[in-house]
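Subject: Structure handover

Hello,

Here is the structure I promised to pass on. My notes follow below it.

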Amino acid sequence: MPFSPRVFSGMQPTGNLHLGNYLGALTRWVEMQSTHDCIYCIVDLHAITASWQDPMELRQSIRDVAAAYIASGVDPKQTILFNQSKVPEHAELAWIFNCTARLGWLNRMTQFKEKAGKDRENASIGLYDYPVLMAADILVYRATHVPVGDDQKQHLELTRDIAQKFNSDYRAQITETGQYADGQFFPLCEPVIMGPATRVMSLRDGTKKMSKSDASDLSRINMTDDHDTIAKKIQKAKTDADGIPSETAGLAGRPEADNLVGIYAALKNATKEAVLTEFGGAQFSTFKKALADLAVAKLTPVNAEMRRLSADPAEIDRVLTDGADRARAIAGPILSETKRLVGFL
Ligand code: AQP
């Protein structure tokens with residue numbers, strides 16, 4: 001039986017969302033709502049993997065991220081929106097997948113290596129196991145499409161490996177009922193990684209991903225930044241001595257220039273080529289001014305809406321509880337069927 005298309009994605013409530021989260025993932029999420037059934041999650045179980053989170057701040061972050069999703073255009077009536085810890089099926093399926101995934105697969109995950117750094121022995125087991133929980137997040141809904149930034153590509157390949165191994169480990173049980181004649185209980189989901197800003201880089205170092213956990217606030221544009229802060233950060237963004245080239249070949253080996261042009265293109269919903277046709281030959285000072293104006297025009301209405309929503313935390317909590325109930329209605333039967341296939345009574 002072919003799988004009906006279903007979209008799943010999530011973000012960690014580990015601080016302010018930034019332009020990378022917005023352009024790399026959130027804008028795609030909003031677009032996909034009109035064509036797919038979508039489930040968008042605030043992955044709070046993931047948020048405690050890399051470092052200890054202050055409980056008061058974590059609660060606040062969960063609500064802030066919910067407000068950011070809604071302010072960006074996620075419609076909680078049409079789409080299922082909830083926080084992960086409210087749906088225990090994610091963690092339960094992750095345990096089964098812990099017994100499906102192989103140690104060698106996890107040892108290859110570059111995000112763990114980057115996040116654990118040299119202090120690997122001191123990293124939490126949760127950080128190491130993060131990609132298995134992510135596979136469970138997706139497959140507990142048998143989701144087929146996952147809009148993410150480029151940094152998540154390897155985790156999605158692991159999700160496909162887990163689905164494939166589960167389907168093969170339990171092939172006899174899966175085909176026995178006649179319901180899954182093609183032997184596929186879990187789909188091999190497709191990453192949706194599209195657009196000119198699938199990896200937005202730090203404003204201070206064009207070779208590093210823009211990230212919530214970067215020590216320098218100047219490295220990122222937060223979705224909560226006001227217009228003066230956005231303009232100041234763009235003005236201070238690192239560039240090189242040359243101006244804006246007229247063709248994309250002229251961006252090669254110039255990560256900071258490439259990044260700023262990519263951000264402009266994504267905000268304008270244009271290609272990098274079109275941006276270079278407009279600005280080729282200009283100085284960075286001119287380009288940065290236009291970029292700051294565009295970023296302010298795009299982000300300040302979202303920012304204002306986030307503040308409006310955040311003023312009513314009880315309403316955000318209600319939306320998340322409603323979303324969790326709807327999520328459990330889908331995840332519960334899929335987990336029950338998974339347990340039956342495994343042989344649990
Ligand atoms: N710089 C980025 N460019 C494009 N997409 C990005 N994403 C994150 N950073 C960029 C995408 O945003 C989604 C949610 O990410 P996340 O918050 O769950 O975790 P992350 O990727 O670990 O984000 P950060 O900012 O780097 O957080 P910290 O610093 O806490 O680790 C994902 O789809 C991701 O691809």
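Ile334 is buried, because its relative accessible area is 11%, under the 20% cut-off. Please keep in mind that this is a predicted model. Ile334 sits in helix H14, which runs over residues 313-342. Leaving out residues up to four places away in sequence, Ile334 touches Arg6, Leu139, Val140, Tyr141, Arg142, Phe185 and Phe186. Asp317 is 17 residues from Ile334 in sequence. In space the two are 26 Å apart, C-alpha to C-alpha.

Glu315 counts as partly exposed at 34% relative accessibility. Arg318 is partly exposed too, with a relative accessible area of 47%.

Helix H7 covers residues 125-139. H7 still has a kink of about 45 degrees, centred on Pro131. The helix is mostly covered, with 13 of its 15 residues buried. At the start of H7, a side-chain oxygen of Ser124 comes within 3.3 Å of the backbone nitrogen of Gly126.

Arg142, one of the residues that Ile334 touches, lies in the loop between H7 and strand S4 (145-147). Arg142 counts as buried, because its relative accessibility is 15%. Its phi is near 45 degrees, a positive value in a residue other than glycine.

**Another positive phi**

Most residues other than glycine have a negative phi. Asn269 has a phi near 60 degrees, which is positive, and Asn269 is not a glycine. Asn269 lies in the loop between helix H11 (255-268) and helix H12 (272-279). Is Asn269 buried or exposed? At 69% relative accessibility, Asn269 counts as exposed.

**Lys288: buried, with no salt bridge**

Lys288 lies in helix H13, residues 284-310. Lys288 is buried but has no salt bridge. The nearest side chain of opposite charge is Asp240, 9.6 Å away. What does the Lys288 side chain have beside it instead? Two backbone oxygens are listed here. The backbone oxygen of Ala237 lies 2.7 Å from a polar atom of the Lys288 side chain. The backbone oxygen of Gln235 lies 3.0 Å from a polar atom of that side chain. Setting aside neighbours within four places in sequence, Lys288 is in contact with Ile234, Gln235, Lys236, Ala237, Thr239 and Leu260.

**Salt bridges**

How many salt bridges does the structure hold? The count is 21. Some of them are worth a look.

- Asp240 forms a salt bridge with Arg254, with the closest N and O atoms 2.7 Å apart. Both residues lie in the loop between H10 and H11, 14 residues apart. Asp240 is partly exposed, at a relative accessible area of 27%. Arg254 is buried, at 11%.
- Arg199 forms a salt bridge with Asp150, and the closest N and O atoms are 3.0 Å apart. Arg199 lies in the loop between strand S5 (190-192) and helix H10 (227-236), and Asp150 in the loop between S4 and helix H8 (153-169), so the pair ties together parts that are 49 residues apart in sequence. Arg199 is partly exposed, with a relative accessible area of 37%. Asp150 is partly exposed as well, at 23%.
- Asp217, Arg220, Asp225 and Lys233 are linked in a network of salt bridges.

**Where to start**

One is Lys288, which is buried and has no salt bridge. The other is the kink in H7 at Pro131.

Best wishes

Note on methods: Residues are numbered from 1 along each chain as its sequence is written. This is a predicted model: local features need pLDDT of at least 70, side-chain atom pairs count only at pLDDT 80 or more; totals for chains, interfaces and linings use all residues. Side-chain values use heavy atoms; hydrogens and water are left out. Helices (H or I, at least four residues) and strands (E, at least two) are DSSP runs, numbered from the N terminus. Buried means under 20% relative accessible area, exposed over 50%, partly exposed in between (1.4 Å probe, protein chains only). Lys and Arg count as positive and Asp and Glu as negative; His and the chain ends are not counted. A salt bridge is a side-chain nitrogen of Lys or Arg within 4 Å of a carboxyl oxygen of Asp or Glu. A polar contact is a pair of N or O atoms within 3.5 Å; within protein, one must be able to donate a hydrogen and the other to accept it, and residues adjacent in sequence count only if both atoms are side-chain atoms. Contact means heavy atoms within 4.5 Å. The expected span of a helix is 1.5 Å times one less than its number of residues. The bend at a residue is the angle between axes fitted to the seven residues ending there and the seven starting there.
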